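Hi,

Here is the structure I promised to pass on.

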Amino acid sequence: MSDTFQCGDNAALVSYLYDECDPAERAAIAAHIDLCAACAAEIAALGSARLQLASWTPPDADLGFAIVRPQAPEPAPQTVSPGPWSLRPGAWLRPMPVWAQAVAACLIFGVGLSLGVLRGTTSTQSSSVRAGAAATADTPGAVTATDLAALERRLRNEMAALRATPVNATGAVSQLASTAQQPANTAQLLAQVRALIDESEQRQRRELAFRTAQVVTEFASQRRMDLAQIQNNFGQIEGLTGAEVREQREMLNYLMRVSSEQR
Amino acid sequence: MNWTDEDLVARSRGGDLDSFNQLILRWERPIYALAYRVIGREEDARDVCQETFLRAFRALPGFKGQAKFSSWLYRIALNLCRDWIRKQRRAPTVQLAEGVDPAELASEQGPVESIEDLVARRELSAVVEEAMALLPEEQRTAIVLKEYHGMTFQEIADLQGVPLSTVKTRLYQGLSVLRRHLEKNGRVPQLVKRT
């Protein structure tokens with residue numbers, strides 16, 4: 001570092017400005033500034049710009065990040081491995097835990113499977129379909145043209161029978177009684193229906209919460225925009241008012257000056 | 001107990017997730033502020049902040065403590081900011097009226113600040129932000145690191161990978177542009193006497 005300073009050494013000026021120079025250099029620059037008005041003004045202006053920088057603050061943000069494990073906790077590893085970790089916001093929108101997602105998936109799959117099985121058992125009780133099922137016993141689940149034809153025949157027969165015989169209350173009761181022969185199946189079906197209804201309600205609740213959050217967010221944004229607009233308008237009005245007051249003051253001064261001159 | 005960064009890093013390297021989360025808690029605000037001031041967009045700054053910690057966590061086994069943990073984080077964040085700016089291929093945009101909430105600001109500042117002062121401060125903040133957006137990325141970064149993160153010239157030089165003299169030149173040029181912009185916008189610098 002030198003003990004003398006010359007005009008135009010901007011790097012040295014910056015060192016002085018941030019007070020990051022050795023004492024000898026600092027003394028040399030200070031001595032120069034006392035004598036040189038241009039350098040003194042330069043330092044003062046840079047210092048003022050620095051002061052104004054302090055007014056700039058970033059907007060608040062919801063951070064609260066945290067590293068979370070993607071799966072159920074395992075025994076603590078000896079070292080951190082670059083696995084499929086995820087970083088999630090802590091304060092907002094936490095995803096459903098993995099175990100809950102797995103349970104939900106199993107539940108939905110189970111309900112679907114049970115319904116499918118139930119449907120299959122009911123159909124095989126009918127004699128006409130049983131014949132079709134026997135024909136395709138080697139490939140369960142595959143529907144052939146024969147099956148469809150048999151089904152069509154059965155439906156036509158049933159419709160014809162319904163048309164031919166009037167609705168009979170006792171017949172309906174006996175049909176119900178035959179259905180009630182499988183109380184276990186019915187109870188199971190009811191439980192499944194209840195589960196589906198519950199699930200649907202939960203989904204609707206989630207949807208409602210989501211929509212509400214959307215509305216709240218939109219409202220907050222609109223409010224911010226309105227406030228900003230008001231602030232701008234206020235600034236404009238203030239500017240206009242200030243100008244008018246200045247004009248009036250000038251006018252008064254002028255009148256007073258003129259009146260005093262006339263006296 | 002108040003652990004140092006080094007302690008928390010060591011524990012994190014040993015598999016203690018909570019320790020790393022404490023480091024996040026400690027450094028997320030400064031990293032977010034750095035990202036915001038460099039790239040100028042709130043949402044993207046948050047993304048950069050999140051990605052910084054994720055990368056740091058993944059790279060933790062390779063961090064041997066040769067530099068301060070904060071410097072290492074700053075380096076990751078600045079690299080991400082640089083990537084973001086390159087990707088955008090445009091000057092950072094300034095969010096002027098967005099996010100301005102006088103009521104919140106008033107509550108932050110307490111009753112001592114009048115509404116006039118508040119408005120004046122917000123206006124000045126917007127002008128400063130606008131001026132900062134005019135600067136080339138390397139000058140803006142140098143000023144941000146110096147002014148808002150209190151780094152030494154040497155630390156900035158290490159982070160930016162340039163000689164010390166280049167850092168001083170960047171600071172001088174950046175401050176000069178800022179000064180001119182502030183003057184142009186009626187923010188006449190006041191003469192201050194350094195103590």
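Let's start where the two chains meet: helix α1 (residues 10-17) of chain A packs against helix α9 (residues 164-184) of chain B at an angle of about 80°, with the axes 9 Å apart. That makes α1(A) roughly perpendicular to α9(B) (the label covers 65 to 115 degrees; under 35 is roughly parallel, over 145 roughly antiparallel, and the rest oblique). Axes here are lines fitted to C-alpha atoms, for helices over the stretch in contact, and angles run from 0 to 180 degrees between N-to-C directions. On the α1(A) side the contact uses A:Asn10, A:Ala11, A:Val14, A:Ser15 and A:Leu17, and on the α9(B) side B:Lys168, B:Leu171, B:Tyr172 and B:Leu175 (contact means heavy atoms within 4.5 Å). By class, that contact has six nonpolar, two polar and one charged residues; Ala, Val, Leu, Ile, Met, Phe, Trp, Tyr, Cys and Pro count as nonpolar, Asp, Glu, Lys and Arg as charged, and the others, Gly among them, as polar.

Some housekeeping before the rest. This is a predicted model, in which local features need pLDDT of at least 70 and side-chain atom pairs count only at pLDDT 80 or more, while totals for chains, interfaces and linings use all residues. Residues are numbered from 1 along each chain as its sequence is written, chains are lettered from A and ligands numbered from 1 in the order in which they are written, and side-chain values use heavy atoms, with hydrogens and water left out.

Next, the aromatics. The count comes to nine aromatic pairs over all chains, where rings of Phe, Tyr and Trp (its six-membered ring) pair if their centres lie within 6.5 Å, and planes under 30 degrees apart are stacked, over 60 edge-to-face and the rest tilted. One of them is A:Trp56 with B:Tyr36, a tilted pair at 6.4 Å centre to centre and 55° between the planes. A:Trp56 sits in the loop between α3 and β1 (65-68) of chain A and B:Tyr36 in helix α2 (residues 17-39) of chain B, so the pair joins two chains. Both A:Trp56 and B:Tyr36 are buried (under 20% relative accessible area; exposed is over 50%, partly exposed in between, with a 1.4 Å probe and protein chains only). A:Trp56 and B:Tyr36 also belong to one aromatic cluster with B:Tyr32 and B:Tyr148. Within chain B, B:Phe63 and B:Phe69 pair edge-to-face, 6.1 Å centre to centre and 70° between the planes. B:Phe63 is buried at 5% relative accessible area, and B:Phe69 is buried at 2%.

Back in chain A, the loop between α1 and α2 (23-35) holds A:Asp19, which has a positive phi of about 55° although it is not a glycine. Most residues other than glycine have a negative phi. A:Asp19 is partly exposed, at 45%. A:Cys21 is in that loop between α1 and α2 too, but is buried at 16%; leaving out residues up to four places away in sequence, A:Cys21 touches A:Ser15, A:Tyr16 and A:Arg26.

Finally, chain B overall: nine helices and zero strands, taken as DSSP runs (H or I, at least four residues, for helices; E, at least two, for strands) numbered from the N terminus. Of its 195 residues, 50% count as buried. Among chain B contacts between residues at least 6 apart in sequence, 60% join residues at least 24 apart.

Cheers
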